[in-house]
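Here is a short briefing on a protein model.

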Amino acid sequence: MAVCLAATLTYDTLRFGEFEDFPETSEPVWILGKNYNALTEKEDILSDITSRLWFTYRKNFPPIGGTGPTSDTGWGCMLRCGQMILGEALLCRHLGRDWRWAQGQKPREEYISILNAFIDKKDSYYSIHQIAQMGVGEGKPIGQWYGPNTVAQVLKKLAVFDTWSRLVVHVAMDNTVVIEEISEWFGFDFLSAEHKEHQCFPRGLRTALWRPLVLLIPLRLGLSDINEAYIETLKQCFMLPQSLGVIGGKPNSAHYFIGYVGEELIYLDPHTTQPAVEPCEDGQVPDDTYHCQHPPCRMHICELDPSIAAGFFCRTEDEFDDWCMRIRRLSCKRGGLPMFELVDSQPSHMVSVDALNLTPDFSDSDRLERFFDSEDEEFEILSL
């Protein structure tokens, strides 16, 4: 109970104006591919962070599965982090990375449609109900801990039903992004940008077939602690314009990491319980509680649990080409180990994606019985 209570007190007592908590530093601040100066651009930093969708524990929503839990307090933090990383992709898809939220402004229709996709009810594309029940079909009972890989795989399956956004969610396994596997989603073959002149599909046709790509890469960056050799490379990921951030956390807490300053990660924390939101009769959604109007949370990068999933969004094929080029450049830099490999075609030693289906999280073997926030004694998982 202590963890959740502390989080609730923090969020309920801090106010939007208390921004002095953010460090006065000349170190660059990176938020999802955007670079800021903390000494001169604090308002811009805060506006950017506040504009990200913030999904937290909720209570009093319709029972999951009809008879299940009516709150996800104590078990849903990684599911909420999955919602946040996908929510960021939808913002980029429909509104653009430079879109900003302002309290009380008249919302755009696309924004309302995005929020409706996450409302806590069974028929929303990416609701806690859909994520939890899709997990049941993959061997994860409602209330059981999800790791980053499990959440990534579930989001991949749910995105198929979102005909409005028409996303392709690709989960790259074995620390390897295989360009050939991504091309199969679109029904054409391509390798990297420098090889495309040899392909049989003309550029215009490839562009017509392309759909916005969400690339999720589950990774393990150490055994019990993050290997410091990966730290600089992890920072570089937040600097890429295609960055969706990272889902992961530390023991007993899942967070959505959106950037860094110095040696600290900046993140959104789902560990506060808010009442479920019900859309108004006119279709509008009360949205204040979906934006974190408080000083951004920070933690030292060495506290990060080594099991994470990094996310990237490529709206166009050109953006994907650019991402590939940047990743290849990063792999050639000194000063850090690459977190994953980028290859044109599947290495012979890799198992087929179809054969993998939903693989266990890297940490399942030693943490199978661990639930996030399991010490929350007041919360009880209802039997289904």
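The buried residues of helix α9 (residues 231–239) are covered by elements that include β1 (28–31), β7 (243–250), β8 (253–261), β9 (264–268) and β12 (307–314). Those buried residues are Ile231, Thr233, Leu234, Lys235, Cys237 and Phe238. Buried means under 20% relative accessible area, with exposed over 50% and partly exposed in between (1.4 Å probe, protein chains only). Helices (H or I, at least four residues) and strands (E, at least two) are DSSP runs, numbered from the N terminus.

This is a predicted model: local features need pLDDT of at least 70, side-chain atom pairs count only at pLDDT 80 or more, and totals for chains, interfaces and linings use all residues. Residues are numbered from 1 along each chain as its sequence is written, and side-chain values use heavy atoms, with hydrogens and water left out.

**Helix α4**
- Tyr111, Ile112, Ile114 and Leu115 are buried in α4 (residues 109–116).
- Down the axis of α4, these buried residues fall within an arc of 155 degrees, so they line one face of the helix. The arc is taken over directions from the helix axis to the C-beta atoms.
- Their cover includes α3 (77–94).

**Helices α5 and α6**
- The axes of α5 (residues 128–136) and α6 (residues 148–159) come within 10 Å and cross at roughly 110 degrees. Axes are lines fitted to C-alpha atoms, for helices over the stretch in contact, and angles run from 0 to 180 degrees between N-to-C directions.
- That makes α5 roughly perpendicular to α6, a label for angles of 65 to 115 degrees.
- Gln130, Ile131, Met134 and Gly135 of α5 make the contact with Val154, Leu155, Lys157 and Leu158 of α6. Contact means heavy atoms within 4.5 Å.
- The contact residues divide into five nonpolar, two polar and one charged.

**Ile182**
- Ile182 sits in helix α7 (residues 179–184).
- Ile182 is buried, at a relative accessible area of 0%.
- Beyond its neighbours within four places in sequence, Ile182 is in contact with His170, Val177, Leu213, Leu215 and Phe320.
- The C-alpha atoms of Ile182 and Val168 are separated by 9.0 Å; the two residues are 14 apart along the chain.

**Confidence**
- The protein averages a pLDDT of 83, and 80% of the residues score at least 70. pLDDT is the predictor's confidence in each residue, from 0 to 100.
- Residues 191–199 have pLDDT below 50, with 18 contacts in the model beyond near neighbours in sequence.
- Residues 352–384 also have pLDDT below 50, with 85 such contacts.

Note on methods
Parallel < 35°, antiparallel > 145°, perpendicular 65-115°, else oblique. Nonpolar A, V, L, I, M, F, W, Y, C, P; charged D, E, K, R; others polar.
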